[in-house]
Amino acid sequence: MLSVLLQGRRSVTAVLEAEGLGKRYGRRWALSDCTLSIPSGHVVGLVGPNGAGKSTLLNLAVGLLSPTQGSLSVFGNRPAEDPDQLARVGFVAQDTPTYAGLSVADHLKLGSRMNPKWDNQLAEGRINQLGLDFKQKAGKLSGGQRAQLALTLAIAKRPEILILDEPVASLDPLARREFLQILMETVAEHQVSVVLSSHLVADIERVCDYLVVLVSSRVQLTGELDELLSTHHRLIGPRCDPATLPANQYVVEASHTDRQSTLLVRSDGPILDPAWTIEPVSLEDLVLAYMGRGKALESEGRVSGGGEQ
């Protein structure tokens with residue numbers, strides 16, 4: 001993870017804020033009643049099941065969509081409201097779009113004409129580092145190479161935030177690792193905030209230091225990754241009613257046999273009851289537990305809130 005690289009540049013300033021945000025297509029809500037605040041100075045992993053509204057949220061954040069209800073701001077301003085606002089945001093969409101008929105060099109020329117802060121030295125340096133042929137048409141590049149080209153275009157505009165919508169979902173493991181390596185180098189060199197949507201927990205764990213779990217448009221969990229992992233525990237012990245636990249132990253997930261209970265809890269303090277065997281929780285366990293909790297609340301028609309930080 002990048003927590004060491006990011007130390008010293010934390011800020012309470014919100015890079016992205018949503019309040020009651022919703023987007024409707026006809027009668028179908030792709031996103032509804034989403035409230036979220038993402039601080040600057042982090043590499044944020046946005047995770048959730050299909051249909052949670054992740055892509056819709058990110059497309060709203062870059063101005064490709066307009067909200068049906070609620071409010072959304074990026075750096076305190078409306079997304080894409082003017083050229084200066086557009087210049088502050090770099091975006092790589094889910095299909096890592098490039099123009100098949102244009103060469104790599106053509107893409108860089110297009111980027112320089114469209115972006116006032118374009119850094120051509122950075123762009124050309126990245127292309128050389130990747131070993132891409134400037135004359136090669138994008139349509140002839142591999143999926144991983146197209147993704148790297150799209151990331152290079154987003155980086156070279158010198159944004160203050162990179163918004164990445166599952167950019168590595170279709171890549172093979174090697175191409176995915178190379179893409180994430182370039183991303184980490186960019187964060188370290190240019191101190192850019194990042195919001196990365198992904199369903200691959202291993203990728204989130206590798207590059208992100210802040211987590212947002214989104215289920216059915218609602219935030220189930222948000223916070224710095226190290227803190228979240230240190231305050232969640234798996235408890236194994238004699239069967240018990242979770243309601244009898246101390247008030248500072250919030251039960252996220254529970255399973256029981258005739259004699260034994262297994263609980264995933266969030267606790268602000270030490271767990272002192274000697275009846276419990278305490279085990280650490282992995283990031284995958286944490287994400288799946290809150291996703292399951294969100295789905296359960298949705299099926300019950302209840303609004304989430306207990307586990308949100």
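Modeller: In this predicted model, residues 24 or more positions apart account for 68% of the contacts in the chain with a separation of 6 or more. The chain holds 10 helices and 13 strands, and of its 309 residues 50% count as buried. Its radius of gyration is 21 Å, which agrees with the value near 19 Å that a compact globule of 309 residues would have, while the C-alpha trace spans about 70 × 40 × 35 Å along its principal axes.

Side chains of opposite charge can pair when their charged atoms come close. The count here comes to seven salt bridges.

One of them joins the side chains of Arg88 and Glu160, at 2.9 Å from N to O. Arg88 lies in the loop between α3 (83–87) and β5 (89–92), and Glu160 in the loop between α6 (143–156) and β6 (161–165), so this pair ties together parts that are 72 residues apart in sequence. Arg88 is partly exposed, with a relative accessible area of 22%, and Glu160 also counts as partly exposed, at 34%.

Another salt bridge brings together the side chains of Asp203 and Arg176, at 3.2 Å from N to O. This pair links distant parts of the chain, with Asp203 in helix α8 (residues 201–207) and Arg176 in helix α7 (residues 173–190), 27 residues apart. Asp203 is buried, with a relative accessible area of 8%; Arg176, at 19%, is buried because the cut-off is under 20%.

A further salt bridge, at 3.6 Å from N to O, is formed by the side chains of Arg234 and Asp285. Here a strand is linked to a helix, since Arg234 sits in β10 (residues 232–238) and Asp285 in α10 (residues 283–300), 51 residues apart. Arg234 is buried, at 16% relative accessible area, whereas Asp285 is partly exposed, at 29%.

The strand that carries Arg234, β10, belongs to an open sheet of four strands in the order β11-β12-β10-β13, with antiparallel pairing. In this sheet β11 (249–256) and β13 (277–280) stand at the edges, each with a single partner strand, so one side of each is left without a neighbour in the sheet. From one strand to the next the twist averages 25°. β11 pairs with β12 (residues 260–267) in the antiparallel sense over seven bridges, and the bridge partner of His256 in β12 is Ser261.

Finally, Arg126, Glu185 and Glu189 are linked in a network of salt bridges.

Technical notes
Residues numbered from 1 in each chain as written. Predicted model: local features only at pLDDT ≥ 70, side-chain atom pairs only at ≥ 80, totals over all residues. Heavy atoms only, no water. Pairing = 2+ DSSP bridges. Helix = DSSP H or I, 4+ residues; strand = E, 2+ residues; numbered from the N terminus. Axes fitted to C-alpha atoms, helices over the stretch in contact; angles between N-to-C directions. Rg over C-alpha atoms; globule rule 2.2 N^0.38 Å. Buried < 20%, exposed > 50% of the residue type's maximum accessible area, 1.4 Å probe, protein only. Contact = heavy atoms within 4.5 Å. Salt bridge = Lys/Arg side-chain N within 4 Å of Asp/Glu carboxyl O.
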